[in-house]
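Have a look at the sequence and the fold, then read on.

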Amino acid sequence: MMNAAAHAERQPQVRLYGITNCDQVRAARAWLTQHDCGIEFIDLKKTGLDAATLDRWLTHLPWDALLNRRGMTWRQLDPGLRAQINDQLSASELMLAHPLLIKRPVLEVGEKMSVGFSDSLYRSLFPKATK
């Protein structure tokens, strides 16, 4: 019989980044709860985002997949500033200054990363949870 500590070591760390009032984040959290996937939720509005976390994401995901150009935060930026965002460095600096510009939710499952929520995406990331 496996003790709880050994079981926890075998399970990948699952972190969900987002904000509590985002519909996609709420749907992702509900899906993860319904499928008994223990998660650590990080509220970007409350905690912000550190450079190490963003750098980790950018090793797995393209910067333009992380940058939300449809949201209110983007639309409220100065048009001149928006026009300057054309590569990973400029996008990274902007996302660190304005974490709510990040598409949500961002899910980390061990070394796997995803942006957004869909049932099919989460089923592919948690195959054991859907059997």
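Is Tyr-122 buried or exposed? Tyr-122 counts as buried, because its relative accessibility is 0%; the scale here calls a residue buried under 20% relative accessible area, exposed over 50%, and partly exposed in between (1.4 Å probe, protein chains only).

Some housekeeping. This is a predicted model, so local features need pLDDT of at least 70 and side-chain atom pairs count only at pLDDT 80 or more, while totals for chains, interfaces and linings use all residues. Residues are numbered from 1 along each chain as its sequence is written, and side-chain values use heavy atoms, with hydrogens and water left out.

**The overall layout**

The chain has 9 helices and 4 strands, taken as DSSP runs numbered from the N terminus (helices are H or I with at least four residues, strands E with at least two). Read from the N terminus, the order is α-β-α-β-α-α-α-α-α-α-β-β-α. Of its 131 residues, 37% count as buried. Take the contacts (heavy atoms within 4.5 Å) between residues at least 6 apart in sequence: 65% of them join residues at least 24 apart.

**The sheet**

The 4 strands form an open sheet in the order S2-S1-S3-S4, with mixed pairing; two strands pair if DSSP finds at least two bridges between them. Strand S2 (40-43) and strand S4 (112-115) are at the edges with a single partner strand each, so one side of each has no neighbour in the sheet. From one strand to the next, the twist averages 15°. Strand S3 (residues 106-109) and S4 run antiparallel and are joined by 4 bridges, and Val-109 has Lys-112 in S4 as its bridge partner.

Helix H2 (residues 23-34) packs on this sheet, where it touches strand S1 (14-18), S2 and S3. The direction of H2 makes about 160° with that of S1; axes are lines fitted to C-alpha atoms, for helices over the stretch in contact, and angles run from 0 to 180 degrees between N-to-C directions.

**Rings**

The structure holds 5 aromatic pairs, meaning rings of Phe, Tyr and Trp (its six-membered ring) with centres within 6.5 Å; planes under 30 degrees apart count as stacked, over 60 as edge-to-face and the rest as tilted. Phe-117 and Tyr-122 make an edge-to-face pair, because their planes stand at 80°, with ring centres 4.7 Å apart. Tyr-122 also pairs with Phe-126, this time tilted, at 6.3 Å centre to centre and 50° between the planes. Phe-126 is buried too, at 9% relative accessibility. Ring pairs tie Trp-31, Phe-117, Tyr-122 and Phe-126 into a cluster.

Elsewhere, Arg-29 sits over the face of Phe-41, 3.9 Å from the ring centre. The test for that is NZ of Lys or CZ of Arg within 6 Å of the ring centre and within 35 degrees of the ring normal.

**Salt bridges**

Side chains of opposite charge can pair when their charged atoms come close. The whole structure has 5 salt bridges, each a side-chain nitrogen of Lys or Arg within 4 Å of a carboxyl oxygen of Asp or Glu. Here are some of them:

| Pair | N to O distance |
|---|---|
| Glu-108 and Arg-15 | 3.5 Å |
| Glu-108 and Arg-56 | 2.7 Å |
| Arg-123 and Asp-119 | 2.6 Å |

Which distant parts of the chain does the Glu-108 and Arg-15 pair link? Glu-108 is in strand S3 and Arg-15 in strand S1, 93 residues apart. Glu-108 is buried, at 3% relative accessibility, whereas Arg-15 is partly exposed at 26% and Arg-56 is partly exposed at 29%. A network of salt bridges links Arg-15, Glu-40, Arg-56 and Glu-108.

Arg-123 is partly exposed, with a relative accessible area of 36%, and Asp-119 is partly exposed at 34%.
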